[in-house]
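Please look over the structure below.

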Amino acid sequence: MADGETGELGRIGLQRADLFRQQCYINGKWVGEPTVDVRNPATRGVIGRIPDLGKSETEAAVAAAAAALPKWKAEPAAARAKILRKWNELMLKHQEDLARLMTAEQGKPLAEARGEIAYAGAFFEWFGEEAKRVYGDTIPAPASDRRIMVLKQPVGVVGAITPWNFPTAMITRKVGPGIAAGCTVVLKPSELTPYSALALAVLAEEAGLPPGVLNIITGDAEPIGRVLTEDPRIAKFTFTGSTPVGKKLAAQCMGTVKRVSLELGGNAPFLVFDDADLEAAAAGAIISKFRNTGQTCVCANRIYVQDGVYDAFAKLLAEKASNLVVGDGLAGVTTQGPLINAKALEKVEAHVADALGHGAKALTGAARDSHGGTFYQPTVLRDVAPDALLTREETFGPVAGLVRFKDETQALQFANNSRAGLAAYAFTQSLARSWRVSEGLEYGMVGMNTGLISTEVSPFGGVKESGVGREGSKYGIDEYLDLKAVFVQL
Ligand code: NAP
């Protein structure tokens, strides 16, 4: 069904219609016939189409990125920074359009989409500045007639694959440091949310990014992914998405021994101790659990509450969750959008059914929402068994399952009993406990008395099977730089 029939594009109401692109961006040109439908998850209406490109077009994009590399990496860092800064300014200038486009294709409430655009653009500004601080080292040599230096150089052409849950920020967190370091990029966004990515390319061009430095390709993930992981011209592969797909793609990279960064799934524990500020803990749980309708990799997935405050916390959280407003993200009042697709809805239902089947009780929600489609009611379950499915797998939906614990040792045992190691949260007013628990949690990030842990200035990433490498912060650019030791004999 064309947009004219559904009016999806009209409903988005873009000020700048040219930000909506239905073609891929390769070597500075818009290419490909739009044939694959992209739907709004709130209405199921077709927003538009995108090209179904494959192996040969991905190889052409890699060739373009390889051709653009020598000139781009030779640019002074200040010149790269200037373009990145301008790109961020343009994103902020068109924040409303970009946010509306994102909400239409991804479903998140408009306020969250606006926030994501600002967060996403911040990576361009931050890494533009970091590019100027890519310092090497001099190392005291073991002999007086020798000198040793360490140079940092761009790794080369980067292949990147990103998910649908943060359609813009997951891209800028890779493209920002990559381009700042002097690399060129071939990016495959999720086919569910391509328009946010393609709009970024429009603004890149406007900011002065030369052709070939960023290439964006849409189509069947498997053949595109094969080229990005197996082509020897690609030096580095960076992926954000699910753990099983990340493992498979990382294995594919080893045939040509690429640098690999992986930002994979989480299964975040959220600990509420007897000495916590309960109001702050419940507010933190709402942010961490229900943001993006529970579809973030750092979402609280298992909420462990100590005996003494269990009932009070459960009541408070259920009250707050039942005040969330479900609906189309483009409607201003909405705080909970739809789930991305039917598969996501089925997973949520399976987790809730499993918990209820093993003795949990629903305090609020636990059913599809009256909006139909993939809308699900914000849900709080109490008396969830410690080994329930929702404690073992990422639910990726608006379901808060509460498990009881008796002491700090048991809380840490529950929390660390997972192969995921991305984010964890804890609420306590004891300074000593906050240190012990922060150090004891086997996670890449810990929110202590806060449900918000994402900012461009701090390293984002996980341990165990949640990933390899870090994005954001002063460390993020290192993922795109190789070290070269230079020995000089005097
Ligand atoms: P996904 O199914 O793994 O997809 C992620 C990306 O990989 C998409 O672009 C997808 O393409 C592509 N893809 C899928 N199969 C592929 C294959 N065989 N070869 C090449 N590419 C392939 O994950 P998702 O459902 O989009 O995202 C949710 C997951 O991402 C969750 O597990 C979440 O925790 C994780 N995540 C992690 C972070 C982090 O920073 N650690 C951040 C956000 C999300 P198509 O969509 O076009 O099929």
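## Hairpin and strand pairing

Six residues form the hairpin that joins S5 to S6. The model is a predicted one. S5 covers residues 137-139 and S6 covers residues 146-154. The two strands pair in the antiparallel sense, over three bridges. Asp137 has Val150 in S6 as its bridge partner.

S6 also pairs with strand S22, residues 481-489. This pairing is antiparallel too and runs over nine bridges. Here Gln153 stands opposite Asp482 in S22.

## The H9 and H10 crossing

Helix H9 spans residues 221-230, and helix H10 spans residues 243-253. They pack with their axes 8 Å apart, at an angle of about 45°. The crossing of H9 past H10 is right-handed.

Which residues meet? H9 brings Glu222, Gly225, Arg226, Thr229 and Glu230. H10 brings Lys248, Leu249, Gln252 and Cys253. The contact of H9 with H10 comprises four charged, three polar and two nonpolar residues.

## Helix H15

Helix H15 takes in residues 408-416 and is mostly covered. Seven of its nine residues are buried. These are Glu408, Gln410, Ala411, Leu412, Phe414, Ala415 and Asn416.

What do the buried residues of H15 pack against? Four strands are involved: S12 (268-272), S13 (300-306), S16 (399-405) and S20 (463-464). Helix H16 (431-440) is also a partner.

Definitions and conventions: Residues numbered from 1 in each chain as written. Predicted model: local features only at pLDDT ≥ 70, side-chain atom pairs only at ≥ 80, totals over all residues. Heavy atoms only, no water. Buried < 20%, exposed > 50% of the residue type's maximum accessible area, 1.4 Å probe, protein only. Contact = heavy atoms within 4.5 Å. Pairing = 2+ DSSP bridges. Axes fitted to C-alpha atoms, helices over the stretch in contact; angles between N-to-C directions. Left-handed = near helix turned anticlockwise from the far one by under 90°. Nonpolar A, V, L, I, M, F, W, Y, C, P; charged D, E, K, R; others polar.
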